[in-house]
Amino acid sequence: NLRRVFDEAAFGTAIVNSVVVSGSITLCVVVSSTLAGFAFAKLRFRGRRPLMLLVVSTMLIPPQLGIVPLYLLMGELGWTGRLEAVIVPSVVSAFGVFFMWQYLGRAVADELLDAARVDGCSAGAIMRHVVVPAARPGAAVLALFTFVQAWNDFMWPLVVLDPENPTVPVALSTLASGYYEEYSLVLTGTVVGTVPTLLLFALLGRRIVGEIMPRAAGH
């Protein structure tokens, strides 16, 4: 069954594509959400609250409403059938910004930022030495959620990618199509497609729990 899965559904290509897509989206979302979350939580600028409300309000829009205009845009850019069409629309996440805004608002004390400024730290030094160490537990949780969501995304990759260049969920749907559905192949493909997410949790799970629990005990 394992051999047939890789032969019949281009599963090797699907796994590589899903790793590239999910890894790229996760990295971009964590970086952009940490920067934006810190700005909304700790920096004072005009329009901060309306902008944050605008970011949160975008979470109310069903993603299915944007499939047609997004597909037309990808066609104009020449990205149809390419992984860029799946990666670029997801590099910024409203949920990620909201999550890091909530987390950094509590994890980074204003007095610590003031002390860093008094010591002569620049904005980059404050991010590197103060914000990033404090953001690691929250960023790890966000990375895990984002990776799993990107890995399991089915609708948009099905629309924009070619059948010969699928992601794992699209390849699984190929195994499940046809007049006769072979459940042995579908379940084997599901097991193979689950392994990367389990490996990621094995790598990040202990770090997440180990860093969050002392903070929870401290509060």
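In the predicted model, Trp 151 is buried, with a relative accessible area of 2%.

In total, five aromatic pairs were identified. Another of them joins Phe 98 and Trp 101, with a centre-to-centre distance of 5.7 Å and an angle of 55° between the planes, a tilted arrangement. These two residues are three positions apart in helix α6. Phe 98 is partly exposed, at 29% relative accessibility, and Trp 101 is also partly exposed, at 25%.

The largest nonpolar core comprises 27 residues, and Leu 104, Leu 113, Val 131 and Val 160 have the most contacts inside it. Several helices supply at least two residues each, including α2 (11-42), α6 (94-107) and α7 (110-118). The greatest contribution, eight residues, comes from α8. Apart from this core lies another, of 17 residues, among them Phe 11, Leu 144, Trp 151 and Ala 171.

Nonpolar residues also occur on the surface. A patch formed by Val 68, Tyr 71, Leu 72, Phe 154, Met 155, Leu 158 and Val 159 has about 600 Å² of accessible area together. Helices α4 (67-77) and α9 (155-160) each provide at least two of the patch residues. Val 68, located in α4, counts as exposed because its relative accessibility is 57%.

Key:
Residues numbered from 1 in each chain as written. Predicted model: local features only at pLDDT ≥ 70, side-chain atom pairs only at ≥ 80, totals over all residues. Heavy atoms only, no water. Patch = residues over 30% accessible without salt bridge, like charges linked within 9 Å, V, L, I, M, F, W, Y side chains within 5 Å. Areas by Shrake-Rupley, 256 points an atom, 1.4 Å probe, with all protein chains shown as cover. Salt bridge = Lys/Arg side-chain N within 4 Å of Asp/Glu carboxyl O. Helix = DSSP H or I, 4+ residues; strand = E, 2+ residues; numbered from the N terminus. Buried < 20%, exposed > 50% of the residue type's maximum accessible area, 1.4 Å probe, protein only. Core = buried A, V, L, I, M, F, W, Y, C linked by side-chain atoms within 4.5 Å. Phe/Tyr/Trp six-rings, centres within 6.5 Å; stacked < 30°, edge-to-face > 60°.
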